[in-house]
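My notes follow the structure.

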Amino acid sequence: MRSIKTLLLLLSLLVAASTTFSADLAAQGPRLKHPERTERTTAPDENGLHQWTEWKGQKCPLCKGVGKSKCVTCERFGKDAESCPECQRKDKDKFLTTCRICIGEGTIPDPLKVVPCAGCVGAGMWVCTVCSGGGRLKVGAAKRWSGCPACRGKGGFPCTGCDGKRAMGPLQTKPPLDEAPPEKIQKTIKSIDATIEKFAAFEPIGGTKARKAVKSLTSAFDSFKKVNPAFKDLSKQAKSYMGKIFAGANFQGHEENEANTLKMIKENAEYYLKHQKRMLQLALKRAELNAAKAGK
Ligand SMILES: [Zn+2]
Ligand SMILES: [Zn+2]
Ligand SMILES: [Zn+2]
Ligand SMILES: [Zn+2]
């Protein structure tokens, strides 16, 4: 009896809880520019065949070449916060961490070889959106912090799409994308278009329909696993991650938070896919020029 009372009290507290779900999660993290505008030039060699020019990465506009930038995950945390899933609060003064834009290189890496991860877009982890990464919450009128039920105090989850490396390599085509003939590239463009369509059709919904939404999200990831095997890991990650986020389902505003969280995953994947589509188009342009030259 007593335990039931305690449970009911706890439940009523949870229902009354107002947490700090932040609505701008989808926009979290810096983005360099529209992936559609990424440039990668070619120039004809002595035989008149177009070759990729040497990549001269511009200095990273975010970190100004240092390779480290202010941690966007714990920017809003109080000074007393001990942990952060992104920077671990190692730098107690400036809260600097590996720059998400250049992946710590200081210059923009060659987009033919290195792409920010489709799951975490350079963060190396997926932030817990129930606690916004802080790992703790104030439930209802409580003055004291309690551990976040979703991440159990960790604030986030390691990204399995990139194994924490923050970036992905080029698409797994044979021969590699930057040398492939037009037909091969066109085939890959077809696959990427199909996946882009799946993500576009995916509607991030919270609440009672959220679990069904997760299924269509994981199938969107799965649709690209042949071209990029890491999408299989991302599919699994999206499922297990959302399973954790649902632990916040007793909090007020959880429907909106779930929808925003799903939207964040969708937009991260879309950023990557649009970037790769652009690289495929540039590769196709080069391959077609060379095929025409060889045909003469
Ligand atoms: Zn941090
Ligand atoms: Zn940078
Ligand atoms: Zn990642
Ligand atoms: Zn959490």
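1. A residue is called buried if 20 or more other C-beta atoms lie within 10 Å of its own, exposed if 12 or fewer, and partly exposed in between, with C-beta atoms placed from the backbone. This is a predicted model, in which local features need pLDDT of at least 70 and side-chain atom pairs count only at pLDDT 80 or more, while totals for chains, interfaces and linings use all residues. Residues are numbered from 1 along each chain as its sequence is written.

2. Overall, the chain has 296 residues, of which 37% count as buried. Its secondary structure consists of 5 helices and 10 strands, taken as DSSP runs (helices H or I, at least four residues; strands E, at least two) numbered from the N terminus.

3. Glutamine 88 is not a glycine, yet its phi is positive, at about 55°. Most residues other than glycine have a negative phi. Glutamine 88 sits in the loop between strand E3 (68-70) and strand E4 (96-98), and is partly exposed because it has 13 C-beta neighbours inside 10 Å.

4. Phenylalanine 95 also lies in the loop between E3 and E4, and has a positive phi near 55°. Phenylalanine 95 counts as buried because 21 C-beta neighbours fall inside 10 Å.

5. Cysteine 60, in the loop between strand E2 (50-52) and E3, is buried, with 23 C-beta neighbours inside 10 Å. Between cysteine 60 and cysteine 102 the C-alpha to C-alpha distance is 6.2 Å, across 42 residues of sequence. Leaving out residues up to four places away in sequence, the contacts of cysteine 60 (C-beta atoms, placed from the backbone, within 7 Å) include Cys99, Cys102 and Ile108.

Methods: Chains are lettered from A and ligands numbered from 1 in the order in which they are written. Two residues are in contact if their C-beta atoms, placed from the backbone, lie within 7 Å.
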